[in-house]
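This note is intended for a colleague who wishes to go through the structure point by point. Please keep the sequence and the coordinates at hand while reading.

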Amino acid sequence: WIHGQRRLQAFQEHALLQSRPVDPRLIALEPDGIADGSAAAERLLALDARPTALYVSQRRQLPGVLAALERRQFRIGHDIAVVVWGEPLPGAADGFDHIAWDRAEMGRVAVRALAGRVRETAPQRLQILIPARLEKRGSV
């Protein structure tokens, strides 16, 4: 759940830098389960000015989001766009886009960072950035 909060904070900071206001009604930060994803999607899709896209920052919520879209008969890529953080869950519907990163590189960086920390007598705070990419699969 903390990762979703951090992704939201980064989005809000980026929007602020771009001078784009963020409508808090369009943010549904829920804990982390399938039911939470369904409830969040239902709440957003019930708005008078419903969103044209949903960003799912916790991929475990994706099945719930997809179930809410199916109940409302929304077609991904036609009625609404869906972007999910990370790889889709096995067996999840196709057609949504996702934000991915090089997991092997993340592992290499983590091992180098850990080795460096072992050698340090007073480890410093560490911030690592792994580039992410938007993989389009027909949603946006």
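1. Basis of the model. The model is predicted, and local features are reported only at pLDDT of at least 70, side-chain atom pairs only at pLDDT 80 or more, while totals for chains, interfaces and linings use all residues. Residues are numbered from 1 along each chain as its sequence is written, and side-chain values use heavy atoms, with hydrogens and water left out.

2. Overall fold. The protein has four helices and four strands, these being DSSP runs numbered from the N terminus (helices H or I, at least four residues; strands E, at least two). Along the sequence they follow the order α-α-β-α-β-β-α-β. Of the 140 residues, 29% count as buried; here buried means under 20% relative accessible area, exposed over 50% and partly exposed in between, for a 1.4 Å probe and protein chains only. Among contacts between residues at least 6 apart in sequence, 65% join residues at least 24 apart, a contact being heavy atoms within 4.5 Å.

3. Nonpolar core. The largest nonpolar core contains 15 residues, and Leu54, Leu62 and Leu69 have the most contacts inside it. Two or more residues each are given to this core by α2 (34-45), β1 (53-56), α3 (62-71) and β2 (81-85). The largest share, five residues, comes from α3. Such a core is a set of buried Ala, Val, Leu, Ile, Met, Phe, Trp, Tyr and Cys residues joined through side-chain atoms within 4.5 Å.

4. Helix α3. Which residues of α3 are buried? They are Leu62, Gly64, Val65, Leu66, Ala68 and Leu69. As background, an α-helix has 3.6 residues a turn, so residues three or four places apart point the same way.

5. The β-α-β unit. Together, β1, α3 and β2 make a right-handed β-α-β unit. Right-handed means that, with the strands pointing away from the viewer, the path from the first strand over the helix to the second runs clockwise. The strands β1 and β2 run parallel and are joined by four bridges, where two strands pair if DSSP finds at least two bridges between them. Within this pairing, Val56 has Val84 of β2 as its bridge partner. Val56 also belongs, with Leu54, to the covered face of β1, whereas Ala53 and Tyr55 form the uncovered face.

6. Strand β3. How many of the residues of β3 are buried? Five of its five residues are buried. Asp97, Ile99 and Trp101 point one way from the strand, and His98 and Ala100 point the other way. In general, the side chains of a regular strand alternate between the two faces of the sheet.

7. Neighbours of β3. The pairing of β2 with β3 is parallel, over three bridges, and places Trp85 opposite Ile99. With strand β4 (residues 132-135), β3 pairs in the antiparallel sense over four bridges. Ala100 there stands opposite Arg133.

8. His98. This residue of strand β3 (residues 97-101) counts as buried because its relative accessibility is 0%. A polar atom of the His98 side chain lies 3.3 Å from the backbone oxygen of Gly86. The cut-off for a polar contact is a pair of N or O atoms within 3.5 Å; within protein, one must be able to donate a hydrogen and the other to accept it, and residues adjacent in sequence count only if both atoms are side-chain atoms.

9. Aromatic pair. Trp85 and Trp101 are stacked, at 5.1 Å centre to centre with 25° between the planes. The two residues, in β2 and β3, are 16 residues apart. Rings of Phe, Tyr and Trp (its six-membered ring) pair if their centres lie within 6.5 Å, planes under 30 degrees apart counting as stacked, over 60 as edge-to-face and the rest as tilted. Trp85 is partly exposed, at 21% relative accessible area, while Trp101 is buried, at 15%.

10. Positive phi. Most residues other than glycine have a negative phi. Ser19, in the loop between α1 (2-17) and α2, has a positive phi of about 55° and is exposed, with a relative accessible area of 65%. Gln73, in the loop between α3 and β2, has a positive phi of about 60° and is exposed at 67%.
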